[in-house]
Structures are given as structure tokens and as C-alpha cells.
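Have the sequence and the 3D view open while you read.

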Amino acid sequence: MNFPAELKYSKDHEWVKTIDETTVLVGITDFAQSELGDLVFINLPQPGDEVTAEESFCDVESVKAVSDVMSPCTGVVAEVNGELEDEPQMLNEDPYGAWIAKISDVTAFGELMTAQEYEAFIAK
Amino acid sequence: MSELKRTQLYDVHVAAGATMVDFGGWEMPIEYPTKIVAEHLYTRHACGIFDVSHMGRVLVEGPQAVPFLQHVLSSNVKALDLNQAQYAIIPNERGGAVDDAYLYRFEEERYLLVVNAANTDKDLAHLNEQIKAYDAKMTVITGEWAAIAVQGPKSKEILQILSKGEAITEPVKNALNTLDFGGHTVRVAKTGYTGEPLGYEVYIESAGAVWLWNRLIELGAKPAGLGARDTLRLEACLPLYGHDMGDDPEGKEIPIFAVPLAKFAVSFSEQKGDFIGREPLTRQYEAFKRIMNRDFSDLAALPRRVLPITLLDKGVMRAGMPVYKGDKQIGFVTSGTMVPYYRHEGEGLQTVILEETAKRSIGLAILDSDTLEDDIVQVDIRGKRLKAVIPPYHMRVDAPPFARPILYRPEEEENAAASGDRTPKALELIGKALENHVWRQERCVNLIPSEMTASRAVRLLCASDPSFRYAEHKKVKSFYDADVFYYQGTEFIDQVEQLLVEEMKAFLGCAEAETRCISGQMSNTAVFSSLMDWKNRLDRKRDAKRLGYIMNNHIIKGGHLSAQPMGALHDYIAIDPVTERHALVNFPVLKDNIYRIDVEETKKAIAQYRPELIIFGKSMVLHKEPVAAIRKFVDEMGLETTIMYDMAHVLGLIGDYFQKPFQEGAEIVTGSTHKTFFGPQRGVIGVNYKKGDLKYGLWETIESRAFPGSVSNHHLGTQLGLLMAAYEMNQFKDEYQKAVVSNAKSFAKSLKAAGLDVAGDPANDYTETHQVIVNVGYGTGPEVAMRLERNSIICNYQATPEEEGFTASGALRMGVNEMTRFGFGPKEFDQLAQIMADCILRGKEVGEDIAKLRAGYTEMKYCFNENDVTSALNDLAKKSGI
């Protein structure tokens, strides 16, 4: 399993990529997609939605079940990856390329880990 | 998870990296690293294997095993023949389901009952309580035998490698067999929970389970977990206990008749006595029938039913989500997920399954019983109301070897015929008809065994005046059986019919002939109707009894459609009250030559069933039918069986080179006049009853079931043409029949020598008729036949006795009759065989070769070609303006 060093990780299995001080890209980790199984649907947030750290802002559905995706930060949805609506399997195939949302005006982050810490976290 | 049970294959799943979950107390693979979607798709296009060893397996035996099973199951166990399986529900006293189950009869005296893993303990407690009243015992063998489901279009060929070519089961659902796979005895059922038209469940003693699993993977199967099993069964609309059966999301018990499969699983046969749940099930069934007739006045016994549901908006339905119609909640989703499928393009037989995949959100829902197909409903998906529809089904399996996803699409309105001047259309039609005529008559080699070009004389006569007339007539006893015509102007027509009857009697070799039926199928219908009428002639004050038992050739073993319950027998065959199926028994066939009837086994079947009617005759016919041997046996047994020979395909072969049915003991012969006979398209009935015979009354009934029973207008133009054809046949039959049979044998040998796989017995040169059958490979028949058509070789693809249906067919059926009439001999058929081998085996385009071959043979033989006949025909054509 792959955990790029330049990303930060939440305990709810989202990754965060910093674009500038108040803007990030958010997606789900390789571990998350593997646990969820084949993803078949994503319920994306709307641009303009205000999101809160460690609260659900999106949900993904696998063949088996629906799972909430928690926001790793507090801010405003600036952009969503609309391609995922038609091809949710991109989340399985390329979890770090398939970003879910760009969040701007970030005012706070939830608890985040480095790649190493996250790897240790999921090994538990 | 230490308290969880493990199957014989647990270690294999773990080693394969499967995600293991608790399923009904068993530690089972939900998916392998391949994941659910890929496992689902692989099963649909190739072959998935599933460990189903967790399912409860119970042997039931003892003197009262059958009465016990009749009492505890919803199905009619008496209807279960050896090597057959049936779906059943274990009902409770309220008409709800304790569980659903499959009952297998691999052995004469022992039944195998397979139940859901999660319910096994509950089921056993229930069954153990019930069995106390019976002299029968149950043995749980879940630990001793493993079970592997092998499902998908490649499943048969994979298993056939393990069986060393031996047929796995009869190619019909629910057939069973016991086989040897590499020294292991296996019990195989053509059953499954994926909806695949080709799918098997294999039972093997525990010690062999891992070996079999690994061999299947080596041969190309891939493991699939419970996740794919769920999406596959959902696509097939198969219910899952605990979701679509048992209790609904509100905790209310789902009545058995709410489940679509109930109408197959529940029997109210008298044989079942007072089985558990009979009374509430009867009430449910009455409600079910009302609902099917759209009478929703009393839904108390069946307020809701489980129906398929398709989400039209984007999203995924899940079990438990409420379903609304307008503001009213009408039920719940009971099963739902996103299911993958392969896209396809093209239409009909040209449909191509693409590699590209997509997904759709489908499910099953328990909905108010007044919900109709195509109703638009809304599903509440986490607070949002999304649009959904009730489709008729999610998938169809009537075009094997593939299960075909059916995507919901509303009916398109048909275009009304455009208005305006029809003259251009008339001209276009004439042009196209000419084009077609020239193509079929001058460029094509026609090998359809059921077709024959009629001579010019026959064609001209068919089109001449009587073709617009009526000539209803009937024998009148008051006039000493003279025929009385109801219309004037019919003297010529009367003579024609009398002459035709005499020619036909001479040809068939029988006492009486009826020539008014306008097709072979109509001839059969008239005969079956007459037999039933004759049976009931002394008691007309109650509903007429239907015919039964009837013995015929099974449709998949070459039987003629017109002699099947789905054909002309439909309204005349009884239902056996014990089996609740048609009172039909099929001729057993030889194991080493499935195209030939097994006479000794047939005698046993006759002794057992004492059929009222035996129907010989086939549409895929390579051999003579054993009429004389069966006649002798029936007479020795003293049975009042009527022996009939449906000679539709071989009518023109009656004689020295094939069979003389009446000499061999047939009483009734029917035929169509345009296959091996010289056309035009009509039917004929011959009987050998003579005045004074008891059964002469049956003959008189046949006449009245022809007219007015079947036809009012008996198509006088083609009747006139048929008289000419009968003259031709009686004049030329010796040379023609001899040439047909020897050409067929010669063609078969040439095809074989050219490298094609010719069916039949080499000892008879593969055929004794006009037909030759070539195996081109499972499921490839339609493609090969279409390729040949592009190259102007017209034949038809046909399922062999080992194949599931016409789309899975791997054989070509060919007849030499028409080309023989155009002068082909062994040399030309040998050339044709080479050209066909080039096209079939090497994919060569051969249209030009065929046109060249055909060009030399456009003049018809075995008809009157003398100069005076030709000039008389020219005169007829000119003066009649035809």
C-alpha cells in the first residue's frame, strides 16, 4: 500500500494536500479505498458548502455499503472533482490522483498525521 | 472470530487474500483481492467459482421420506424425478417462510435438502420436530461434503475437461448427474444462485474439495466471494432470505406468495395432503390470482409483493429505504446495490457484448400489491426522494450462453405508416422482390432442409384463378357421404381435390387422405384435436378430457416443434395430477448416438406410462424411426395406443429409400408438402383406417376437424399447385429419393474429409435422410450461419441435444433436397463441402465460388420438362397474365 510522504493523513483515512496556507485538496487514502471495496457512487458536496473538521462532508458508496467521508479541516468547498460522479472507481484505481474537493479559507485542521505515523496508525 | 465455523476451503480463501467476514456464523470470503465488481463481471462473461460449503446439507431417507418432505416443503416432491432438483420453501403455519431450500434427488431413495447457512440450526429444529411423526431420518452432511458453485458461460467447458468430455448434465435447469472428476465421485446439479443460464453446483467429499477448487482455477475459473454472489443474485431477481423473504424491514412476516418464485415453489397438488401452511398459502394464492387479474379489492392475504426496482436518478438504493408513490409510502427496498454490467451494441442475434462496463442501481422492493410494472415511484435515500421505476425484470437468460442485463427503457411509440402516394412504394417492393428472387434462385446454395423450390408448373398453378376462391365442402350422410359444396363455380376445384386425395393416398400408401390443411402444423393440430374429440365422443356432457400420456421426441433431441406442448399439442395434452406437468414422456435416445431412439428403453417407458399416443418424427432427423419395432411391442402389450408419424421433414422420402410408415404400422401420418416433398407450402394427413374399422370414426373426425375445424378457406391455388407437385413426386420419386439419400451420405463424407465435425453414425455414412449435421463449436452456430449467409450459403444453425437453446447452438443443420432437385450430385456436393470448409474453418470469403458453382444448376430436375409441357405452361402464363 502506498502513502506519499508529501501528504498529511487523518485518522478517518482522508489525505490532505496543501496548496497554499488556506487551501487544500482532500481525498481518501489507499487504505480507505481498499477497506471500502469497489466504489460505485459518490455524493459530492456543493461548491460553497461550509465544512467542519471531523464532520461528514461527502459520502461514498461501495457495492457493500455507504460510508461518510469526514472533512479533515474547517473551510469552504471551492471546487469538487465532478469526474468522480461518472467514474467513482477512480477512487479505487488512483486514490491520490482522485481528489474529492478543494477546500479554501481553511481556518482549522483536525488531527493530522505524517505518512509514517499514518502507516503505524493503520497497522494497529 | 474463533467461534465461527469454517468450510473445507477456509485456508484456500485466506491464502488467496480474501477478506473474511462472519456470514451466518461462518467465516466466509466476502471478496478476494479482485474485488466484487470484477468477480461479478468475470462470472457473467467467463466462470466464477463460489464456496457454498457453508450451506446446510441434509440427507433425508426412509420409508416415509417423501410424505415427510411433502409435509414440510411447499413443493410437490412426488413430481421430482431421479436426477432432478426443485426449488422449495419451508413454510410455517402462517404461510410465511422458515427458509427457502433446494431439494435434490441424486439417488432413487435419498433426497438432499440444501438450506441457508444462517438458518440451518433453526431449520433443523423445525424439521426435527416434524419428522417425529414419520418413519424417516435426516443426516446432516454439511461437514462431510463440500459444495462449489461453478457459474458462468465457460462453466460447462471447464467441467467437461474434468469429466473427460462426458456430458455434465442434461442441458436443462435443475438437471443432476453423478460423475467422476479425476477419481473423485462428484454430484453435479445444473443449479445456482447467479441466474447464469450455464451454472452448476458441484458436491464433493470434503477430502477432495481443495483439489477441485484448485483444478477449477487452473482451468480458468476465478474465485468469487459472497459480495459478488449477492450482486449476481440480485441482478437475477433471486430472493435472499432475511431480505426479500422472512421478515420485512418493519418486522412484519412476508407471505410466501409475495415472493415471485413462489408460484414455482408452491404446489397445491392433492399428493401433498395437508402440508404445513396449506390453508394460509391457499388464501395467498387466491389473492395472488386476483392481483394478477388487477382486482385489488381484497389484498388482506397479500398486501404487498416483492418486485424488482430500478433507480432512475443517480444514487444507490439500500435495503430498508422507504419507497413512495406520490405522498404515500408503498413499501421498502428489501435488497439494493449498484450492479455492474457489460455494455452491448447491435440488435437481435447481432448483439455484441462489449468490454466496456457500466453500473446500475437496482434492487428488489416489497411494495403495495396494486403496484404495476412501469409505475414510477420514489425511493427515500437518506432524506432525498429519488425517482425509480418498476421494471419487468433486471436480466434475461433466454439467449444462452450469456445472461443478458435488461436496462430499463420505456416503450417507444411505433411510427404510424407515412401517408401519401404509395406508387413509389409499390415499385420499390416489386424491385426488391425480384432482387430477392434472383439472389435465392440463381446465386445461393440453399441447404435449409425444410425448404424446396417448387417447379414452374407448380408455381404458375398456385397463382392461377382458384387462388381467389372459396370451396367449403363437407360430406353429408343423407347423400351417402357425397361431398356437398356451399358455393357455386367449384366443379374444377372439386375435381382437383379428388385427384389430389387419390395421388396422396397412392404416395403415402394408406386408405384415406385429407389435403385441406394448409400447413404441417395445422395437420397436427387437426389430428390432436380429433384424437381428443374421439376420446370424449361417448361423454359430451362434461369438459372433454385431454390426451395423456403422449410419447414424442424431445425438442432438444431433435423433436418437431409442431408435436410439442408449446406447438400443436398445446390445447390437447393433459396435465399429470401427480407431477403437475404435461403428461408427456420422451423417447429415450442412445447414449452413443443421441440422434437415434433407444428401442429397448422406449419399450420400458411405454410399459410404464402406457401412452395413448406415440408421435414419431423429428425436425433434426438423421435416422429412420423404429416404427415397426414399437408397433410390434404395443400390439404384444395389447395397448390401445395410437401410433402417429409426424413426417413433416421426411414426407418426400416416403418409399424404398427411407421408410414406408403405414407398412411399418403407423396409423396416422402427417406431413408438410414443401420440405422434401415438391411444394407448395401446405399440409397433409393420411390414415390407414378402413370403412368398418372402429377407428374409421376417428378418420371422420379428422375430416371434420380439417373443415370446419381448422380451415374455412383451404387455399385453393396452392391446392391446385400441390396436385401438380404430387404428379411430379409420384412420377419421379424413385430417382429423386435415391439421389437425395445418396447425396446426403456423400455430402456428409465430403464434409468430414474436409475437416468438419459431422454428427451421426459413421456406420450409416452419418445420415439416412436428406439431412447432414455439422458441429461448429458451442455457441458459434449463429455466427457461422450468418457468415455462410454472407457468402450465399443458406442453412440454419441448430442447438444439438447437448445445448441449452438456439443462441447457444453449435451445429448447422443442412439438407441436400433442394440442391439435389437442381441437379447437384456427389461431385457438386464435394465441391460445396470444400468451399464450406474454407469459409467455416479458414474464414475465407467464398461468395464468388458459390455463385460460380450455382450458375450451372438453375434448371429444375424431377419435374415435367417435356416440350409440350413447356409450351402449355407458356400458354397458361400468357393467357392468365401471370
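Start with A:N43, which stands opposite A:D59 in β6(A).

Before going on, some ground rules. This is a predicted model, where local features need pLDDT of at least 70, side-chain atom pairs count only at pLDDT 80 or more, and totals for chains, interfaces and linings use all residues. Residues are numbered from 1 along each chain as its sequence is written, while chains are lettered from A and ligands numbered from 1 in the order in which they are written.

Strands here are DSSP runs (E, at least two residues), numbered from the N terminus, and two of them pair if DSSP finds at least two bridges between them. Pairing works through backbone hydrogen bonds, either parallel or antiparallel. β4(A) and β6(A) go for the antiparallel sense, over 4 bridges.

Zoom out and you get an open sheet of 3 strands in chain A, ordered β4-β6-β7 and paired antiparallel. Its edge strands, β4 and β7 of chain A, each pair on one side only.

| Strand | Residues |
|---|---|
| β4(A) | residues 39-43 |
| β6(A) | residues 56-62 |
| β7(A) | residues 66-70 |

So is β4(A) buried or exposed? Of its 5 residues, 5 are buried (20 or more other C-beta atoms within 10 Å of a residue's own, C-beta atoms being placed from the backbone), so β4(A) is largely enclosed by the rest of the structure.

Notes
Buried ≥ 20, exposed ≤ 12 C-beta atoms within 10 Å, placed from the backbone.
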